[in-house]
Amino acid sequence: MKLCIMLLVIVLTCLALKSNADKEQDVQAQRKIDLASILGEDDHDDKFTQKMINVEKQNQQKWDNLGDGPLSVECNSNNGEALYRVKSVFINWRRDRRWKWDCRKVANKPMSDCSWTPYINKWGGPIDKKCPANFVLTGIKSVHLNAKEDRRWKLKCCQAPGYTTTDCKKTKKLNIYGSKFDHETFKEGAIVGLHTLQHINNRDRAWQMFECKYTAKQEPNQPPAVKSRHFFFVPYDMLANLNPWG
């Protein structure tokens, strides 16, 4: 009886592994079909994949990552910079996104207390992460895994001494699944976090950003300065010797 159960477990495990392998082959086959359609070719061998990779590399200056490749962006925190704009396009044949994150100066002094988060999401899991109060997003990293067709993310948060985050909000959804987007924060604003869910079937995410106004703290009002008054002492004997009538 035990032997039969063990054999059954082995058979079921083999079937599960075969099913996963078949699914991966189907995904790869669909990628090549999509790629051939993009290039207007009938053949589906690897030379077309290489063509598309070459196109991606030619356009690399426009983006911070290749499809399926790692992403790493850091602003110049010594110059008081933070992330304020993000663009993205979905590459269907890769089941991944290309990204462009832009920085601008948001503080007139260097950032301090900078630190990287650990990964803020699991494969396929939700993302809902913000920097602490008075901190802004100054760097971002992610890695892609083909088996999951997803990315995991890390955030770098920094603070400029004497600056505070106000008027914080979460944007509306910036995209539908598979679509591109281009978002810029409001004046004096900076991105402070990310929010998204993954659509398992589309292998994509609909994105939202947390953003805040970042300004120097106002010093408390000081009472107006009182003008000093000067008094001069004249001895009495000098006044007695004065003759106002000449």
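1. At 45% relative accessibility, Lys169 counts as partly exposed; buried here means under 20% relative accessible area, exposed over 50%, and partly exposed in between (1.4 Å probe, protein chains only). Lys169 forms a salt bridge with Glu211, with 3.9 Å between the closest N and O atoms; the term denotes a side-chain nitrogen of Lys or Arg within 4 Å of a carboxyl oxygen of Asp or Glu. Glu211, by contrast, is buried, at a relative accessible area of 2%.

2. The model is predicted, so local features need pLDDT of at least 70 and side-chain atom pairs count only at pLDDT 80 or more, whereas totals for chains, interfaces and linings use all residues. Residues are numbered from 1 along each chain as its sequence is written, and side-chain values use heavy atoms, with hydrogens and water left out.

3. The search of the whole structure returns nine salt bridges. In one of them, Asp64 meets Lys100 with the closest N and O atoms 3.7 Å apart. This pair links distant parts of the chain, 36 residues apart: Asp64 is in the loop between α2 (46-58) and β1 (71-74), and Lys100 is in strand β3. Helices (H or I, at least four residues) and strands (E, at least two) are DSSP runs, numbered from the N terminus.

4. Another salt bridge joins the side chains of Lys156 and Glu74 at 2.8 Å, N to O. Since Lys156 lies in strand β7 and Glu74 in strand β1, the pair ties together parts that are 82 residues apart in sequence. Lys156 is buried at 11% relative accessible area, while Glu74 is partly exposed at 45%.

5. There are four disulfides in the whole structure, each a pair of cysteine sulfur atoms within 2.5 Å. With the bonded cysteines of the chain numbered in sequence order, the pairing is 1-2, 3-6, 4-5, 7-8.

6. The link is right-handed, with 115° about the S-S bond. Cys168 lies in strand β8 and Cys212 in strand β11, so the pair ties together parts that are 44 residues apart in sequence.

7. Strand β2 (residues 81-91) is mostly covered, with eight of its 11 residues buried. It pairs with β3 in the antiparallel sense over 10 bridges; pairing requires that DSSP find at least two bridges between two strands. β2 and β3 form a hairpin with four residues between them, and Arg95 in the turn has a positive phi of about 55°. β2 also pairs antiparallel with strand β9 (residues 181-184) over four bridges, where Val86 stands opposite His183.

8. One cavity of 30 Å³ or more is found. A cavity is a set of points, on a 1 Å grid over the protein atoms alone, where a 1.4 Å probe fits but cannot get out; lining residues have an atom within 4 Å of a point. The largest cavity holds about 130 Å³ of space, the volume being that filled by probe spheres set on the points. Its lining has 15 residues, of which Asp96, Asp150, Arg203, Asp204 and Arg205 lie nearest the centre.

Technical notes:
On a 1 Å grid over the protein atoms alone, a cavity is a set of points where a 1.4 Å probe fits but cannot get out, and a pocket is an open set with protein on both sides within 12 Å along at least five of seven lines; lining residues have an atom within 4 Å of a point.
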